[in-house]
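The sequence and the structure come first.

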Amino acid sequence: MILAFAARLRRPLKILNDDELQDIHSATLDVLENVGVKFGEENALRILNEAGADVDPKTSLVKLPSFLVEEAIKRCPRKIKLYGRTDNHDLTLGDGRVYFTAGANALYIHDLETGQRRTPTSKDCGELTRVCDALEYAHVILPVVVPQDVPQDIADRVKCKISYENTEKHYWCDVYGRDSAIDLIRMAAAVAGGMDELRRRPVITINPGVTSPLMWSKTATEAILECARHGVPQLPDCMPNAGATSPVTLAGSVVQQNAENLSFITLAQSASPGTPAYGYSSPGITNMRTGSVVYGAVEVAIQSVAMSQIYSWYGIPYATTVGLTDSKIHDEQAAYERATAALLAALGGPSMISTQFGAVNSLIDASYEQTMIDDEIAGMISRALSGVQVNEETMAVDLIAKVGPGGHYLGQRHTKDLFLKEHYLPRLADRNSRDKWKKEGAKDIAKRARERAEEILRAHQPAPLEDDVRKELDDIIEEARRRRLSHLST
């Protein structure tokens, strides 16, 4: 069961009027039909050609006619069920709720004990996953760090095993190509109880990556087709940077990321109509002083709101990564960048927001403390999105009359029964008097977050994998390791 304040947003924020929605849709179709998208894989070219696209096999450029794109939009599921390893973590995208994804795939970790920056290990990956498994608003798990103590070309398989060992929630992962997709799907099937059971209860989402602007590599395209063949939920890892890999104007960047999303959806639906493929983007902007990508900018959230509105118009679930920070540590900059952008994006009503729990330094570093703080931010946002519930009980006219002028409500049963439903109670924010705060050690939020992480690591354990499942995951990783060594030797 999703907890009390997983938000069901009734009135999403709209920043585009009806004419602007139609203009962006028409511009997107223009790009797809007249500019085209490159797909670097022969089977994809064949499938799209047979579906009615204009395919140039020499350049791998595919021009997608409007009728084919709009047919793909119609074929997309309007709701997509994502399953946890245990059914109390199942959720449905497109049900009107806004879910949150934890994790960041960061390359560095700030050590929990020393605070020093270092490369993360498999142990770190497992511990951070276990922490996220315990967090109330981490509905879906993406690994917080990439372990650097394993060969990087099989790190996806290692992360998969570590994640299933340390969470009961739905698992979302990146993919490195066809072999990677096959192995990840086999691992998910082992956890689900077989390929047929995986198709019925998909416990994994895979996100092949587009190369902006408008290119799908061979490995990404292979992964799309493999997921479509097995009915595994997938979304495009679309990460355009306005001013560098997409137009500097927000409308232009939105048109391009929409084109990249719809090219993905068109291929997936042409390969397997009805397959659970949905929209996703992680927009950034370019720092025009340095050329580097910026994730903590408010313009990132504005693009996410626009994309949420477009995909609501299409009737397709949409996920976004937003609410990140370019601060190097968990400080005041991290707090205001993350909270401002995440709240703005959430008001747009996406199906899922990946705020990349724990990430700092433009997704390069991760912090235990930031992970804890991000869950609290997600909780506060979820409460805000739930709004004001108006009914006879909550308007409380009879109670107001009973208490009358000059009375108080502290002893009323109405208060006792409803305060947990109406008020979000933070775990980290200190709401005590200054004297009490000083008496308890005058701890700042980073200290309280660190202690909360340590408490979870001491006390929380997800249900273990069965021994035969763990062995099957180990066997798949060992096969991938042997293939890697064989490739290196040749």
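## Charges, salt bridges and buried sites

Asp18, Asp19, Glu20 and Asp23 form a patch of negative charge on the surface. The structure is a predicted model, in which local features need pLDDT of at least 70 and side-chain atom pairs count only at pLDDT 80 or more, while totals for chains, interfaces and linings use all residues. Residues are numbered from 1 along each chain as its sequence is written, and side-chain values use heavy atoms, with hydrogens and water left out.

Patches consist of residues with over 30% relative accessible area and no salt bridge, like charges being joined within 9 Å and nonpolar side chains (Val, Leu, Ile, Met, Phe, Trp, Tyr) within 5 Å. Lys and Arg count as positive and Asp and Glu as negative, with His and the chain ends not counted; a charge is placed at NZ of Lys, CZ of Arg, CG of Asp or CD of Glu. Accessible areas come from the Shrake-Rupley method with a 1.4 Å probe, and for residues only the protein chains shown count as cover.

Asp19 counts as exposed because its relative accessibility is 58%; the classes are buried (under 20% relative accessible area), exposed (over 50%) and partly exposed (in between), with a 1.4 Å probe and protein chains only.

There are 35 salt bridges in the structure, each defined as a side-chain nitrogen of Lys or Arg within 4 Å of a carboxyl oxygen of Asp or Glu. Three of them are tabulated here.

| Salt bridge | Closest N to O |
|---|---|
| Arg97 with Asp95 | 3.9 Å |
| Asp183 with Arg186 | 3.5 Å |

Arg97 is partly exposed because its relative accessibility is 23%, and Asp95 is buried because its value is 19%.

Asp183 and Arg186 are separated by about one helical turn, because they are 3 residues apart in helix α6. Asp183 is buried at 1% relative accessible area, whereas Arg186 is partly exposed at 27%. Both residues belong to a network of salt bridges that also includes Asp156, Arg157, Glu479 and Arg483.

Asp237 is placed in the loop between α8 and β14 (241–242). This residue is buried but has no salt bridge, and the nearest side chain of opposite charge, Lys159, is 9.6 Å away. Beyond residues up to four places away in sequence, Asp237 touches Asn207, Pro208, Gly209, Val210 and Tyr280, contact meaning heavy atoms within 4.5 Å.

Gln269, in helix α9 (residues 250–271), is buried because its relative accessibility is 0%. Its C-alpha atom is 8.7 Å from that of Glu71, a residue 198 residues apart along the chain. Neighbours within four places aside, contacts of Gln269 include Ala72, Arg75, Cys76 and Pro77.

Val388, Val390, Met395 and Val397 make a nonpolar surface patch of about 420 Å². Of these, Val390 lies in the loop between α12 (368–386) and α13 (392–395) and is exposed because its relative accessible area is 62%.

How values were computed: Helices (H or I, at least four residues) and strands (E, at least two) are DSSP runs, numbered from the N terminus.
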